[in-house]
Amino acid sequence: MAEVENKVGKPFKRILLTGAAGGLGKVLRERIKPWADVVRLSDVVDMGEAREGEEIVQCDLADKEAVIKLLEGVDAVLHFGGISTEKAFEPIMQANILGVANLYEALHKAGTKRVIFASSNHAIGYHRTTEVLDANSPTRPDSYYGLSKVFGEQMSRYYHDRFGIETVCVRIGSSFPEPANKRMMSTYLSYDDLTELLRCALFAPRVGHTIVYGMSDNDSVWWDNRLVAHLGFKPKDSSRKFAHLFPDTAEYPAPDDVTTIYQGGKFLLDGPQY
Ligand code: NAI
Ligand code: 15L
């Protein structure tokens, strides 16, 4: 932390948020402002005018020269940009694989030392819902999208081993205003808990290369964060207050439905069809 701490102002001089025009980017835009003198917001789409304490840089993550410029003067990164659902391999390769490779090369050039990578539960989506996973469980992607998140996790591990860049990979469950289905009762991550997890990941003195599951304090869990106590993350919310929305019925969940057998849910069905 010593090398990224700005002694006179807020903890960081400049934080970069990629994917700033997306669902979570919009949620985080104001919430992360107390952490840095300047928040640089980036996305491939237009984001309009910068507000106070912001810089806006429109940039395609697949454009290496643009990403190198994007990282100039950045102390820490919240990497939320990229394709966030299952698509054909080509666009995923551009945004999530080439995009992450460009990001880490640029981080190294810029001397940036701390990254929070928005990974996904779909990196482990082919594990069964009867299992409980921790940070050491093998990855089992459920889609090209999940595979690209595994790539991002491994890219960040490599850059930590090679150059000492620290990354916290957050395998986000389902971060929305409320669970949209029964599955999300297990994977729900409230916006407040997401923000707190990012704060912990940014400010923990040493994180090395950490993998953490992004979930609230839900009752039915598939993931165990005890190996990452060094982050100090204690979720305050729970999906339990939404339980009335999804009563168990004889029809649902159907026991032979793959979307209830595997943790990745319907992403399993969205992958390549031959
Ligand atoms: P989103 O799809 O709303 O936002 C992603 C943003 O990335 C979009 O604004 C999009 O324009 C931008 N983007 C796409 N391709 C790009 C490129 N080539 N260059 C630059 N920007 C590009 O997704 P959301 O929900 O905000 O998620 C943010 C991140 O968190 C994503 O990386 C997603 O995979 C991850 N995540 C989100 C979860 C959730 O529950 N919302 C769950 C698990 C992971
Ligand atoms: C994700 O990785 C997606 O980005 C998000 O849109 C949700 O589908 C989430 O996973 C989920 O599994 O609910």
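Predicted model: local features only at pLDDT ≥ 70, side-chain atom pairs only at ≥ 80, totals over all residues.
**Close-up 1. Helices α1 and α6 cross in a right-handed way.** Two packed helices are described by the angle between their axes and the distance between the axes. For helix α1 (residues 23-31) and helix α6 (residues 191-203), that angle is about 60 degrees, and the axes sit 11 Å apart. On the α1 side, the contact is made by Leu24, Val27, Leu28 and Arg31. Helix α6 brings Tyr191, Asp192, Leu194, Thr195 and Leu198 to the contact. Sort the residues of this contact by class and you get six nonpolar, one polar and two charged.

**Close-up 2. Phe12 and Phe203 make an aromatic pair.** How many aromatic pairs does the structure hold? There are eleven, and this view picks out the one between Phe12 and Phe203. Are these two rings stacked, edge-to-face or tilted? They count as tilted, with 45 degrees between the planes and 5.4 Å from centre to centre. Phe12 belongs to strand β1 (residues 12-18) and Phe203 to helix α6, so the pair ties together parts that are 191 residues apart in sequence.

**Close-up 3. Here is the largest cavity, with about 40 Å³ of space inside.** Rolling a probe the size of a water molecule over the atoms shows where empty space is left. Searching the whole structure turns up one cavity of 30 Å³ or more. Which residues line the largest cavity? They are His79, Gly81, Gly82, Ala95, Asn96, Val100, Phe117 and Lys149. Helix α3 (residues 89-110) gives the most to this lining, with three residues. By class, the lining of the largest cavity has three nonpolar, four polar and one charged residues.

**Close-up 4. The second largest pocket has a volume of about 270 Å³.** Its lining is made up of 16 residues. Which of them lie nearest the centre of the pocket? Look for Met215, Asn225, Arg226, Phe233 and Pro235. As for the kinds of residue around the second largest pocket, the lining has nine nonpolar, four polar and three charged ones.

Technical notes:
Residues numbered from 1 in each chain as written. Chains lettered and ligands numbered in written order. Heavy atoms only, no water. 1 Å grid on protein atoms, 1.4 Å probe; cavity = no way out; pocket = protein on both sides within 12 Å on 5 of 7 lines; lining within 4 Å. Points joined across faces, edges and corners; volume = space filled by probe spheres on them. Helix = DSSP H or I, 4+ residues; strand = E, 2+ residues; numbered from the N terminus. Nonpolar A, V, L, I, M, F, W, Y, C, P; charged D, E, K, R; others polar. Axes fitted to C-alpha atoms, helices over the stretch in contact; angles between N-to-C directions. Left-handed = near helix turned anticlockwise from the far one by under 90°. Contact = heavy atoms within 4.5 Å. Phe/Tyr/Trp six-rings, centres within 6.5 Å; stacked < 30°, edge-to-face > 60°.
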